[in-house]
Amino acid sequence: MCEADRGSGLLTTFLEQNDAPCPVCSYSLRRLTSDKCPECGATVELRVGSVDLKLAWWIALLLALAIPFGFAVILVGFTGAHAALIFWYGDRELIELWIRQMWPFIVLSGLSGPLLVAAIRRRRRFWRLRRSRQRLWFCCTVVLMVLSLGACFWWTV
Ligand SMILES: [Zn+2]
């Protein structure tokens, strides 16, 4: 018996005695005889989940990184496209001004982007931390991002 057949057997055994809705269409799967929902045809499987996933601080951390990253990328992208057009028509002074004003935002996106990727890739390690440690990571990230954004605006103005 292969892993898939055993999983399907466990699923049908579970659904003989328990009721569960289809995750796609919410149709009741009680007494299901295969791994396909009879209503919508979705393949279903039996899984083990945790009711105690500590996601709140991780989601907050992602937002603390994604908001400055998105802001910097949109700002640099939008003004960069405009500056490139002006450069195309021969105004080299304006492109130098753009580089002088935008480089902190380029650095900010270069800082927050990889941190965002690291937060996603190392999520399981983050989830295992105590909540006080998660909160500390979040607070340090917010302080770093606020200081970085502040430095960007201070430099630009
Ligand atoms: Zn369904």
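The dialogue below sets values against definitions.

Student: What conventions apply to the model?

Tutor: This is a predicted model, in which local features need pLDDT of at least 70, side-chain atom pairs count only at pLDDT 80 or more, and totals for chains, interfaces and linings use all residues. Residues are numbered from 1 along each chain as its sequence is written.

Student: What is the mean pLDDT of the protein chain, and which elements have the lowest and highest means?

Tutor: pLDDT is the predictor's confidence in each residue, from 0 to 100. The mean for the protein chain is 89, and 96% of its residues reach 70 or more. Among the elements, H1 has the lowest mean pLDDT (82), while H4 has the highest (93).

Student: How many helices and strands does the protein chain have?

Tutor: Helices (H or I, at least four residues) and strands (E, at least two) are DSSP runs, numbered from the N terminus. The protein chain has five helices and zero strands, and its elements run α-α-α-α-α from the N terminus on.

Student: How do the radius of gyration of the protein chain and that of a compact globule of 157 residues compare?

Tutor: The radius of gyration is taken over C-alpha atoms, and the globule rule is 2.2 Å times the number of residues to the power 0.38. A compact globule of 157 residues would have a value near 15 Å, but the protein chain has 25 Å. Along the principal axes, the C-alpha atoms fill a box of roughly 75 × 45 × 30 Å.

Student: Into which domains is the protein chain divided?

Tutor: The division is into domain 1 (1-48) and domain 2 (56-156), with bounds that come from an automatic or database domain assignment. The C-alpha centres of domain 1 and domain 2 are 44 Å apart.

Student: How do you know that the span of helix H2 agrees with its number of residues?

Tutor: The expected span of a helix is 1.5 Å times one less than its number of residues. Helix H2 (residues 56-88) has 33 residues and should span 48 Å; its end C-alpha atoms are 47 Å apart, so the two agree. After H2 comes Gly-90, with a positive phi near 100°.

Student: Why is Ala-83 called buried?

Tutor: A residue is buried if 20 or more other C-beta atoms lie within 10 Å of its own, exposed if 12 or fewer, and partly exposed in between, with C-beta atoms placed from the backbone. Ala-83 has 20 C-beta neighbours inside 10 Å, and therefore counts as buried. Ala-83 belongs to helix H2, where the buried residues also include Trp-57, Trp-58 and Phe-69. Of the 157 residues of the protein chain, 16% count as buried.

Student: Which residues does Ala-83 touch?

Tutor: Two residues are in contact if their C-beta atoms, placed from the backbone, lie within 7 Å. Not counting residues up to four places away in sequence, Ala-83 touches Leu-94, Ile-95 and Trp-98. What covers the buried residues of H2 includes helix H3 (92-121), helix H4 (123-128) and helix H5 (131-156).

Student: What makes Val-146 exposed?

Tutor: Val-146, found in helix H5, has 12 C-beta neighbours inside 10 Å and so counts as exposed. Elsewhere in H5, Gln-134, Phe-138, Thr-141, Met-145 and Cys-152 are buried; the buried residues of H5 pack against H2, H3 and H4.

Student: Which residues have the most contacts inside the largest nonpolar core?

Tutor: A nonpolar core is a set of buried Ala, Val, Leu, Ile, Met, Phe, Trp, Tyr and Cys residues joined through C-beta atoms within 7 Å. The largest has 15 residues, and those with the most contacts inside it are Leu-61, Ala-64, Leu-65 and Phe-105. H2, H3 and H5 are the elements that give two or more residues to this core, and H2 gives the most, with seven residues. Leu-61 touches Ala-119, Trp-137, Phe-138 and Thr-141, not counting residues up to four places away in sequence.

Student: What is the phi of Ser-26, and why is Ser-26 called exposed?

Tutor: Most residues other than glycine have a negative phi. Ser-26 is not a glycine, yet its phi is positive, about 70°. Ser-26 sits in the loop between helix H1 (3-17) and H2 and has 11 C-beta neighbours inside 10 Å, so Ser-26 counts as exposed. Arg-31, also not a glycine, has a positive phi of about 65°. Arg-31 lies in the loop between H1 and H2 and is exposed because 10 other C-beta atoms lie within 10 Å.
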